[in-house]
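Visitor: I would like to go through this model term by term. Please give the cut-off behind each label.

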Amino acid sequence: MSCSRFLGSVGTIIIKCKDLRIIQLDIPGMEECLNIASSIEALSTLDSVTLMYPFFYRPMFEIVEDGWSAFLPEKEFEVLSSVTDEWRLSYINKDFSICPSYPPVVIVPRSIDDETLQKVAVYRHGGRFPVLSYYHKKNGMVMMRSSQPLTGTNGRRCKEDEKLVNATLRPGKRGYIIDTRSLNAAQQARAKGGGFEQEVYYPQWRRIHRCIERFNILQESLIKLVEACNDQSHNMDRWLSKLEASNWMTYIKEILTAACLAAQCIDREGASVLVHGTEGTDSTLQVTSLAQIILDPDCRTIQGFESLLVREWLQAGHPFQQRCAQSAYSNSKQKFEAPVFLLFLDCVWQILHQFPCSFEFNEHFLVTLFEHAYASQFGTFLGNNENERSKLKLQQKTMSLWSWVNQPEELKNFQNPLFEANSLVIWPSVAPQSLQLWEGVFLRWNRPSRFLDEAEEEMRRIIDYNRFLLDKVNSMRKQIMQTETEDGMDRMQEVQEEQEEQEVQKVQEVQEMQEVQEVQEMQEVQEMQEVQEMQKVQEVQEVQEVQEVQEVQEMQKVQEVQEVQEVQEVQEVQKVQEVQKVQEVQEVQKVQEVQKVQEVQEVQEMQEVQEMQKVQEIQEVQEMQEVQKVQEMQKVQEIQEVQEIQEVQEIQEVQKVQEMQKVQEMQKVQEIQEVQKVQEVQKVQEMQEVQEIQEVQKVQENP
């Protein structure tokens with residue numbers, strides 16, 4: 001929207017943009033100013049979609065990936081079919097004849113044929129029959145989405161619809177139908193031909209109503225919020241009053257509450273869920289998308305979130321062309337204008353703010369999606385559904401937003417430096433104290449962003465430095481391990497060499513012992529031979545000189561005895577020498593063993609000293625890391641002081657667990673009360689219907 005005024009010969013044009021920015025142009029010359037103003041007005045109110053900028057935009061970057069074919073249903077189904085075979089792809093809507101707002105390909109239960117789907121489409125508003133939205137791998141539960149059933153005032157039923165809805169249930173399991181309208185609104189819809197699933201025909205399903213506003217109410221809320229953010233009075237009471245009057249934060253809370261309810265039914269109750277409102281193109285998609293972000297960690301990555309937007313918003317038929325027509329500054333109220341997608345992005349930001357390490361993308365990514373949804377050089381968000389996009393031939397004539405976003409040089413601008421993959425379910429707090437105004441969208445043009453940019457840059461620098469230190473610690477650990485391994489190898493080689501030397505010494509000692517034994521045996525043999533020869537000589541002498549030399553024989557006998565004694569003494573001496581040698585060898589072995597033990601003890605002492613040194617080095621590294629962490633925490637605290645939200649965050653951190661428990665208890669109590677209220681309303685309705693029937697019968701009987 002633009003407006004102009006004149007002061008002398010200078011004209012001023014004020015342009016209010018769809019991204020909530022306000023630009024003032026001072027142009028000299030009245031005529032030139034009027035010409036520029038009329039050109040801007042004409043270009044901002046084009047009659048045909050094909051005249052918009054995406055059809056004339058020519059990218060200046062190299063296209064690495066075609067964004068139009070990045071998230072096809074067939075690719076998504078391949079992931080699902082690897083987990084379960086209970087679902088199939090249906091091409092019943094390939095020519096958009098069954099449902100104009102559905103894509104050509106949808107995922108339905110394998111047990112349901114296309115003929116049944118065609119009958120169910122007639123029974124559902126706009127032909128939007130129940131289709132698969134999400135499969136929970138943890139327990140096999142599913143989330144379906146559709147539009148309202150056309151029950152009308154007569155309570156019309158469709159057995160094919162009942163069969164399709166019940167086909168998603170496991171044996172012995174119950175399901176939940178989450179209606180995004182109030183019970184009163186759902187009952188009023190029956191008078192217009194719509195309605196809701198009656199429990200008598202869906203006995204295994206429990207219906208829960210969660211009122212989420214839509215259309216003009218949301219648009220007025222956005223206008224009031226932007227007006228409050230642009231108020232320059234600096235009056236605290238006025239600001240808080242205007243913020244409360246917009247009810248924007250209340251709508252955020254309602255949407256998050258419904259999404260948490262759907263996620264709780266699937267993950268904690270182990271039940272399947274069907275979500276719908278009236279058309280199933282607005283609040284339904286908010287609930288199903290946010291529930292998947294809560295449950296599925298893949299949806300918290302950049303690629304996963306892009307796939308979620310394509311699957312649950314673009315292919316599911318959210319009318320972007322109607323909902324994102326003029327933003328908050330439009331002079332004329334558009335009938336179907338509503339910030340549904342902006343509310344969804346705000347809810348995602350609330351979860352990102354509560355779990356800053358669980359998302360791969362940052363706030364800048366969400367702001368970029370908001371800007372391109374309202375005004376873009378890409379054709380991704382043009383049209384209201386896949387049917388219109390195919391007629392406009394957007395894939396052939398325009399560029400996809402994902403082709404630009406997924407470039408490596410652009411992707412790094414959208415990455416969250418705090419991201420650490422979290423495979424758990426995350427449960428956001430919906431307490432009023434936990435929800436905050438999204439300043440990155442609503443206040444970014446009203447305040448200087450230099451300090452925030454500096455804070456973010458400082459945070460990135462700290463994180464990069466922390467990663468550098470972690471890499472350095474890991475490399476040092478690897479070096480220590482390598483050093484220990486090399487030392488161990490050297491020690492092993494030394495031990496082996498010592499063992500080999502000992503074995504060689506033992507062999508040499510054994511050989512020496514064998515040589516000594518052989519020498520001793522030779523000496524004994526020689527001595528025995530000498531003794532035998534002497535004996536023979538003596539015997540011959542005795543035979544020849546028996547008589548003559550008896551005395552000599554006696555003397556010889558004495559000599560023989562002496563010689564024998566000498567031989568025995570020599571043998572004893574040799575034996576003593578052998579024993580001494582054995583004792584010496586044993587003593588040498590003992591000394592060697594003692595030396596080995598001492599060497600082993602010295603090696604162990606050296607290892608203990610080295611281990612103590614390593615422990616001291618690791619402790620020093622840890623102390624350095626702790627000091628660095630303390631410094632990083634101080635810098636983060638300074639950043640938080642700049643952002644002026646420290647007090648709220650402290651309260652949020654202290655009370656988050658208690659608030660979740662209280663909210664869950666309140667939700668359970670509310671659910672019980674709602675069930676009781678629904679039962680009471682049903683009883684009243686039944687009584688009214690009985691009374692009406694009785695009155696009709698009376699009228700018929702007494703005309």
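**Cavities, burial and cysteines**

Guide: Cys260, Gln264, Trp427, Pro428, Val430, Met660, Val663, Gln664 and Gln667 line the second largest cavity. The model is predicted: local features need pLDDT of at least 70, side-chain atom pairs count only at pLDDT 80 or more, and totals for chains, interfaces and linings use all residues. Residues are numbered from 1 along each chain as its sequence is written, and side-chain values use heavy atoms, with hydrogens and water left out.

Visitor: What makes a space a cavity, and what makes it a pocket?

Guide: On a 1 Å grid over the protein atoms alone, a cavity is a set of points where a 1.4 Å probe fits but cannot get out. A pocket is an open set with protein on both sides within 12 Å along at least five of seven lines. Lining residues have an atom within 4 Å of a point. The count comes to 6 cavities of 30 Å³ or more.

Visitor: Which elements give two or more residues to the lining of the second largest cavity?

Guide: They are α8 (248-267) and α21 (646-701). Helices here are DSSP runs of H or I with at least four residues, strands are E runs of at least two, and both are numbered from the N terminus. α21 gives the most, with 4 residues. The volume of this cavity, the space filled by probe spheres set on grid points joined across faces, edges and corners, is about 80 Å³.

Visitor: How many residues of each class are in that lining?

Guide: It has 6 nonpolar, 3 polar and no charged residues. Ala, Val, Leu, Ile, Met, Phe, Trp, Tyr, Cys and Pro count as nonpolar, Asp, Glu, Lys and Arg as charged, and the others, Gly among them, as polar.

Visitor: Why is Cys33 called buried?

Guide: Buried means under 20% relative accessible area, exposed over 50%, partly exposed in between (1.4 Å probe, protein chains only). Cys33 has 0% relative accessibility, so it counts as buried. Cys347 is buried too, because its relative accessible area is 0%. Buried residues make up 40% of the 703 residues in the chain.
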